[in-house]
Amino acid sequence: MRIRPSIQLAVGFLVMYCVVWIGTVMIVAPDDFDMEETFSTVANSKPLVFGVMAGSVFGILVVSAFGWWRPVLHDDRPVRGWLRRTPLIVLGIILVSTDYANLGNLDGAVLAWSLAMAVFVGFSEELTFRGLNIVALRKTPLPEFKVWWISCLLFGLLHLPNALIGSPLASTAIPQIFVAAMTGSAFYLVRRATGSILPAMALHGLWDLSIFTGDSALPAIIKALCSAALLVALIATRHLAFDDDAEPATVAAT
């Protein structure tokens, strides 16, 4: 590692990712861009895709510059018990909540842009929030339990600036903070359960794709309820995921 991890870096990654992602959307969005109608037309889809593409470039450049590829991509802190099945649980939530009827009715171009958005959002957000931020937060004397909840909180706060590009603050942006923080737990556990960030990227992309292609708020509501249930179960069996709490989480700098 060329740069020593720190809590300050984790917050900095959030701020810079938001600047890159929101800034790109604001630059490329047409005058009639409507955040509430995204993934219903190509014109409303393109700015968001370009935003997460820019976020992907940001993540790749930072990981490369810091020399963090190995700890970002791999996780040597396995979970125990039922939490090892987290990837299957998350996949099951996705399959149950997908609006298959509407998926088949979508315009081909809109579906293609929705798929592109899912791919890049899964890659960029996981690289930054379950990659860079997890590595940055695993610093003495921070225990893994705090690494988990701080990384989830930062992931939730990522959705607050959506208000700058058209999401109603009270009804959409603020609720997204809490929902995203809960879903962040699911992707954190996928990383831990598989020992790799790649499955988390794939499942994150599929998770969001099923929301983008839904004809109602039902898929998002189902996912929010399932995420809440998973979070409650995680807290109830905390020792299965954070049995190393007695030992501070550390990442050595080299």
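This briefing covers the core, salt bridges, surface patches and selected residues of one predicted model. Local features need pLDDT of at least 70, side-chain atom pairs count only at pLDDT 80 or more, and totals for chains, interfaces and linings use all residues. Residues are numbered from 1 along each chain as its sequence is written, and side-chain values use heavy atoms, with hydrogens and water left out.

**Nonpolar core**

- The largest nonpolar core has 55 residues. A core here is a set of buried Ala, Val, Leu, Ile, Met, Phe, Trp, Tyr and Cys residues joined through side-chain atoms within 4.5 Å. Buried means under 20% relative accessible area, exposed means over 50%, and partly exposed lies in between (1.4 Å probe, protein chains only).
- Phe13, Trp21, Leu48, Trp68, Leu158 and Ile165 have the most contacts inside this core.
- Two or more core residues come from each of helix 1, helix 2, helix 6 (108-137), helix 7 (144-157), helix 8 (169-194), helix 9 (198-212), helix 10 (218-236) and helix 11 (238-241). Helices are DSSP runs (H or I, at least four residues), numbered from the N terminus.
- Helix 6 gives the most to this core, with 10 residues.
- In soluble globular proteins, nonpolar side chains tend to be buried together.

**Salt bridges**

- The count comes to 6 salt bridges. The rule asks for a side-chain nitrogen of Lys or Arg within 4 Å of a carboxyl oxygen of Asp or Glu.
- Aspartate 75 and arginine 191 meet through their side chains in a salt bridge (2.6 Å, N to O). Aspartate 75 lies in the loop between helix 3 (69-73) and helix 4 (86-97) and arginine 191 in helix 8, so this pair ties together parts that are 116 residues apart in sequence. Both aspartate 75 and arginine 191 are buried.
- Glutamate 144 and arginine 77 also meet in a salt bridge (3.8 Å, N to O). Glutamate 144 is in helix 7 and arginine 77 in the loop between helix 3 and helix 4, so the pair ties together parts that are 67 residues apart in sequence. Glutamate 144 is buried at a relative accessible area of 0%. Arginine 77 is buried at 15%.
- Asp75, Arg77, Arg138, Glu144, Arg191 and Arg192 are linked in a network of salt bridges.
- Glutamate 126 and arginine 130 form a salt bridge (2.6 Å, N to O). Both lie in helix 6, 4 residues apart, about one turn of the helix. Glutamate 126 is buried, with a relative accessible area of 0%. Arginine 130 is buried, also with 0%.

**Surface patches**

- Patches are made of residues with over 30% relative accessible area and no salt bridge; like charges are joined within 9 Å, and nonpolar side chains (Val, Leu, Ile, Met, Phe, Trp, Tyr) within 5 Å. Areas come from the Shrake-Rupley method with a 1.4 Å probe; for residues, only the protein chains shown count as cover.
- Asp31, Asp32, Asp34, Glu36 and Glu37 form a negative patch. Asp and Glu count as negative, Lys and Arg as positive, while His and the chain ends are not counted. A charge is placed at NZ of Lys, CZ of Arg, CG of Asp or CD of Glu.
- Glutamate 36 sits in the loop between helix 1 (7-28) and helix 2 (42-66). Glutamate 36 counts as partly exposed, at 44% relative accessibility.
- Trp149, Leu153, Leu157, Leu160, Leu169, Ile174 and Phe178 form a nonpolar surface patch, with about 620 Å² of accessible area together.
- Helix 7 and helix 8 each supply at least two residues of the nonpolar patch.
- Tryptophan 149 lies in helix 7. Tryptophan 149 is partly exposed, with a relative accessible area of 38%.

**Backbone and distances**

- Phenylalanine 39 is placed in the loop between helix 1 and helix 2. Its phi is near 65 degrees, a positive value in a residue other than glycine. Phenylalanine 39 is buried, with a relative accessible area of 8%.
- Most residues other than glycine have a negative phi.
- Arginine 238 lies in helix 11 and is partly exposed, at 36% relative accessibility. The C-alpha atoms of arginine 238 and phenylalanine 145 are separated by 8.5 Å, with the two residues 93 apart along the chain.
- Leucine 95 lies in helix 4 and is partly exposed, at 48% relative accessibility. Leucine 95 and glutamate 126 are 31 residues apart in sequence and 20 Å apart in space, C-alpha to C-alpha.
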